[in-house]
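Okay, thanks everyone, let me get the model up on the screen. I'll walk you through the fold and then stop at a few spots.

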Amino acid sequence: MRHSLALLVLLVFISVSVNCATRSVARVPSTRGQVAVDVGIFYDSLAPYGRWFAVDDFGWVWTPYDVAFGWRPYTNGYWVFTDYGWTWVSNFRWGWAPFHYGRWHFHPRHGWIWIPGRVWGPAWVVWRHGPGWLGWGPMPPPRGWRVGMEFDIWNDPGDALGDYAFSFVEERNFAARNLQSHLALHARNVTLMRDTRSITNYERRENRFINRSFDADLIERAAGRSIPRQRVIDSDSPNRSERVSGNDVMVYRPNVAPARPDRTPPTTMPQRQRPTSPAELNRREEDERRRLENEQARERAALEAQHRQQQTRAPRQLDQEQMRRQQEAERRAQDEQARRERDTLKNRQETRRQVEPQAPKVPPRKSGDKPPEMPKRKPPE
């Protein structure tokens, strides 16, 4: 009887231990896939969505097609709080790669370019915080940084990023799904940079990087609601990546080996159904310039409207003088941003004329010229 009772207790203990172990494993974030690839995985995956080209200091880089005027990385999407800290979920189909691997850099001719990297992270950005505001900008690469070299995290980039690279939003709107509509006007960055400080803090734990810059409770207090705690799980395809499903965030994050690829990325643009005629190309470029001018006019009007509101809330002479200097700095920043956007558009159009297939230019017919004769069809034999 004693032996039977002891055996029963042992069986119950084993059963409870197995169940506890199962529940414990279920709470552990999913592990990375073991399939190793090289950086060449980015070449073909990103080629339909942008252009690959070589740049001094960085080697092969990539820049996206069809992004909005004044676009900057980490703006078209939203933030979720996961077991990796604040994690970026992009609205772009190609977002699984350039917002979680590598680094972004603003090139004076090509605009924002992405330098591939092999370490996955929730989002490679630097953070700033001030009273009521949060800001982030793409983490810059060290000069001369190339694929396969030692991995660096800039926890305090100092002046490595200009104010134009940052996006700012009020704390209460930080976790909004329509984040892009809540971003501060670009020109206000010069003021918000002065009123905020760097809080960037990434921690390496068990071969994974976690964003510890600030916790979810900061946003919960500002927004007056709870922030879901979600889990990063692996997707087996980039087509099913960057997707939130319940408490899970599906990500595609292959293990990128340090070996250099034995090939170069495709450098040709996707072939259109037909070559672009010179007249059509001119119309398209003129339409782009007109849309840029309209967008910049809306930005100027919005900034002036904010300035008028500020003037009604500054009764003292000292406040008026400080506000006047601040507004002048914001107008200068807006003019500088407008210049960057015009230069980037001009360079993009020049590059497109060089690489995009174009229809041959047909000389105009002169009056009195006979139309070209059609080839005569042979009669059926």
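What follows is a quick tour, from the whole chain down to single residues.

First, the housekeeping. This is a predicted model, so to speak of local features we ask for pLDDT of at least 70, and side-chain atom pairs count only at pLDDT 80 or more, while totals for chains, interfaces and linings use all residues. Residues are numbered from 1 along each chain as its sequence is written, and side-chain values use heavy atoms, with hydrogens and water left out.

The overall picture, then. The chain comes to six helices and 17 strands; helices (H or I, at least four residues) and strands (E, at least two) are DSSP runs, numbered from the N terminus. Of its 381 residues, 43% count as buried, and buried here means under 20% relative accessible area, with exposed over 50% and partly exposed in between (1.4 Å probe, protein chains only). Take contacts between residues at least 6 apart in sequence: 69% of them join residues at least 24 apart. Contact, by the way, is heavy atoms within 4.5 Å.

Now the inside. A nonpolar core is a set of buried Ala, Val, Leu, Ile, Met, Phe, Trp, Tyr and Cys residues joined through side-chain atoms within 4.5 Å. The largest one has 64 residues, and the members touching the most others are Phe42, Trp79, Trp86, Trp127, Trp136 and Phe174. There's a second, separate core of six residues, including Phe53, Val55, Val61 and Ile113. Back to Phe42: leaving aside neighbours within four places in sequence, its contacts include Trp52, Trp96, Tyr101, Trp114 and Val256.

E6 and E7 form it with three residues between them. Five bridges join strand E6 (residues 103-107) to E7, and the two run antiparallel; strands pair if DSSP finds at least two bridges between them. Trp104 stands opposite Trp114 in E7. And is E7, residues 111-115, enclosed or open? Five of its five residues are buried, so it is largely enclosed by the rest of the structure.

Next, the sheet. It's an open one of five strands, in the order E5-E4-E14-E16-E15, with mixed pairing. E5 and strand E15 (243-245) are the edges, each pairing on one side only. From one strand to the next the twist averages 45 degrees; axes are lines fitted to C-alpha atoms, for helices over the stretch in contact, and angles run from 0 to 180 degrees between N-to-C directions. E4 and E14 pair in the parallel sense over two bridges, and Phe81 stands opposite Arg229 in E14. H4 packs on this sheet, touching E4, E5 and E14, with its direction at about 135 degrees to that of E14.

So which residues of helix H4 (residues 216-223) are buried? Ala216, Leu218 and Ile219. They cover an arc of only 155 degrees around the axis, which puts them on the same side of H4; the arc is that of the directions from the helix axis to the C-beta atoms. Besides the sheet strands, the strands they pack against include E8 (125-130) and E9 (133-138). Just after H4, Gly224 takes a positive phi of about 70 degrees.

Last stop, Thr351, in helix H6 (residues 317-355). Thr351 is buried, with a relative accessible area of 12%. Leaving aside neighbours within four places, Thr351 is in contact with Arg51 and Arg109. Thr351 and His110 sit 241 residues apart in sequence but 9.2 Å apart in space, C-alpha to C-alpha.

That's my tour, thanks.
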